[in-house]
Amino acid sequence: MSNLLVAKERKGAKQSNLRNLRESGEIPAVVYGNHNGSTAISVNNADFQKTIKEVGRNGIISLDLEGTKHQVMLSDYQKDPLKNFIFHADFLIVDMSAELQAQVRINLVGTSKGVKDGGVLQQSLHEVTVSARPDDIPESIDVDVTELQVGDSIYISDIQKNQKVSLDNSGEEVIASVLPPRQEEEISTGEQQDGGIPENQEGRETEASPES
């Protein structure tokens, strides 16, 4: 999917010029690639947000720069963490017939059997690098963790054969694991975890009641 985004060439990189540009509702940006060097541009903030929402993070954008259209992807952007607004963007001109690399988000789907049995799900990898033609790059890759038992892990090599694109990460990289309940307090990686409550308590050891 490709959407049109109008850009203007800009001159002057003084902080005061950039500040005035942002205050007027524009985002300073750069477009580069395809042996054209780099060009300083600006795009309307509202139009930019709308376009990215429609095409996705790895979508193809038709960038109209002073009447000349380029097929581009958003290669990078800088966001103010406090004010929550984009203050700079980089666009890469792409050759639609050639493969390129892109970062694609990993989504874990399903509730693993290990979590249902009290384990803790830990996601170790949140993005994967893929190689594909621009039109074939997915917005995200879903990884089904339903069959993971306590102590199991899922690796890049486990999902490669199901993908239409090439995954450039090592096949030995761990995507997600289900850890035993007793290890929950020992984890201090900051990764988001998902704990569960055992569905079946039968056969589990319980603390003996004191004799009366």
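Helix H2 spans residues 45-55, and its buried residues (under 20% relative accessible area) are Phe48, Thr51, Ile52 and Val55. Looking down the axis of H2, these fall within an arc of 95 degrees, so they line one face of the helix. The arc is taken from the directions from the helix axis to the C-beta atoms.

This is a predicted model, where local features need pLDDT of at least 70, side-chain atom pairs count only at pLDDT 80 or more, and totals for chains, interfaces and linings use all residues. Residues are numbered from 1 along each chain as its sequence is written, and side-chain values use heavy atoms, leaving out hydrogens and water.

**More about H2**
- Helices are DSSP runs of H or I with at least four residues, and strands are runs of E with at least two, numbered from the N terminus.
- Ala46, Lys50 and Lys53 sit on the other side of H2 and are exposed (over 50% relative accessible area).
- At the start of H2, a side-chain oxygen of Asn44 comes to within 3.0 Å of the backbone nitrogen of Ala46.
- Gly56 follows H2 and has a positive phi, near 90 degrees.

**Around Ser177**
- Ser177 belongs to strand E13 (residues 174-179).
- With a relative accessible area of 10%, Ser177 is buried.
- The side chains of Ser177 and Ser153 are joined by a polar contact of 2.7 Å; such a contact is a pair of N or O atoms within 3.5 Å, and within protein, one must be able to donate a hydrogen and the other to accept it, while residues adjacent in sequence count only if both atoms are side-chain atoms.

Notes:
Buried means under 20% relative accessible area, exposed over 50%, partly exposed in between (1.4 Å probe, protein chains only).
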